[in-house]
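Subject: Structure handover

Hello,

Here is the structure for you to look over. My notes on what was found in it follow below.

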Amino acid sequence: MVEQAVLEVAYQVVGGDFSQAGDGASRLKRVLQQIGLAPALSRRIAVAAYEAELNIVIHAYSGVLKAKVSPVKVEVWAEDQGPGIPDVELAMKEGYSTAPDHVRALGFGAGMGLPNMRRNADELEIKTVLGEGTIVYMCFANRA
Amino acid sequence: MNLKAMVEALDLRVVCGEEHLSRDVSGGYVSDMLSDVLAHAALDCIWVTRQSHRNVIAVASLLGLAAVVLVNCPEPSPELVSKAQAENVVLLYSTVSAFELVGGMYALGIRGCRRA
Ligand SMILES: Nc1ncnc2c1ncn2[C@@H]1O[C@H](COP(=O)(O)OP(=O)(O)O)[C@@H](O)[C@H]1O
Ligand SMILES: [Mg+2]
């Protein structure tokens, strides 16, 4: 069965730049709303994508937030060049964070980003290579 | 209760978003950690925080919050206000402390919001 992608988008993400942080997720949400995705689903995707984008800003050097929308699902990838995650199981624990103090002062670094992604996405997969980077893949069922 | 009634009852300053004050408030959430708000704040709720940088506006917009109330913090910067205007986020400012503010909201019948 051929599954037609109706839409693909990609937004660059710059590590350490909090002035643009979250713009990718905001633009993605706007696109999802424009194509008429259910508001509750758009919101879940936007929250998960925001957390993934912010992890690139906070923890990596640079990356890209990508999304692909088909009639049956929405897939999101957050790919970065960065340090990688040494212990993914530990990183997934609510409250675990290595964010530095100046980042915490802005209200980031609650250690809830990955748990928020897991809660909102129907599928979450993390591929990471130490010293190279991380790919977070999320899939959301599109039940119209 | 809508934003306009709350603004009047609690003597809040409307920094921007005057045109959206007819919006109803579904509940309230208080936090200075953005991921905490992303996890718990429901649609149309009001968010009380002392964080006053532009990422607050992005979070409020993503979540579809009724308004952000800045409390215990310096005056909002022009940059923050223009970001809020661009994203259609209602920005309010309280001169009383967070404790007084939330107590006032509770007395008006606003309750803590449930996870969306
Ligand atoms: N893209 C990434 N690159 C490197 N480390 C990451 C990345 N994403 C998450 N981490 C690690 O996992 C931890 C937990 O992530 P998260 O749950 O989003 O919490 P927070 O971002 O608030 O620290 C981070 O503190 C960091 O150590
Ligand atoms: Mg995070």
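Accessible areas here come from the Shrake-Rupley method with a 1.4 Å probe, and for residues only the protein chains shown count as cover. On that basis chain B has an accessible surface of about 5,100 Å², with 51% of it belonging to carbon and sulfur atoms. Chain A exposes about 7,200 Å², and carbon and sulfur atoms supply 52% of that area. Please keep in mind that this is a predicted model.

Chain A

Chain A contains five helices and five strands. Their order along the sequence is β-α-α-β-β-α-α-α-β-β. The radius of gyration of chain A is 15 Å, which agrees with the value near 15 Å for a compact globule of 144 residues. Along the principal axes, its C-alpha trace spans about 45 × 30 × 25 Å.

Of the 144 residues in chain A, 50% count as buried. If you take the contacts in chain A between residues at least 6 apart in sequence, 62% of them join residues at least 24 apart.

Chain B

Chain B also comes to five helices and five strands, arranged along the sequence as α-β-β-α-β-α-β-α-β-α. Its radius of gyration is 12 Å, close to the 13 Å that the globule rule gives for 116 residues, so chain B is as compact as a globular protein of that length. The C-alpha atoms of chain B fill a box of roughly 35 × 30 × 25 Å along the principal axes.

In chain B, 54% of the 116 residues count as buried. Among contacts in chain B with a separation of 6 or more, 51% are between residues 24 or more positions apart. There are 9 positive and 12 negative charges in chain B, and their mean positions lie 6 Å apart.

Cysteines

B:Cys45 is buried, with a relative accessible area of 0%. In chain A, A:Cys139 is buried as well, at a relative accessible area of 8%.

B:Arg50

One residue of chain B has some local detail to report. Where is B:Arg50 placed? B:Arg50 sits in the loop between strand 3 (46–49) and helix 3 (54–63) of chain B. Its relative accessible area is 46%, so B:Arg50 counts as partly exposed. Leaving aside neighbours within four places in sequence, B:Arg50 is in contact with B:Asp32, B:Val71, B:Asn72 and B:Cys73. B:Leu65 is 15 residues from B:Arg50 in sequence, and the C-alpha atoms of B:Arg50 and B:Leu65 are 16 Å apart in space.

Regards

Methods. Residues are numbered from 1 along each chain as its sequence is written. Chains are lettered from A and ligands numbered from 1 in the order in which they are written. This is a predicted model: local features need pLDDT of at least 70, side-chain atom pairs count only at pLDDT 80 or more; totals for chains, interfaces and linings use all residues. Side-chain values use heavy atoms; hydrogens and water are left out. Helices (H or I, at least four residues) and strands (E, at least two) are DSSP runs, numbered from the N terminus. The radius of gyration is taken over C-alpha atoms; the globule rule is 2.2 Å times the number of residues to the power 0.38. Buried means under 20% relative accessible area, exposed over 50%, partly exposed in between (1.4 Å probe, protein chains only). Contact means heavy atoms within 4.5 Å. Lys and Arg count as positive and Asp and Glu as negative; His and the chain ends are not counted. The place of a charge is taken as NZ of Lys, CZ of Arg, CG of Asp or CD of Glu.
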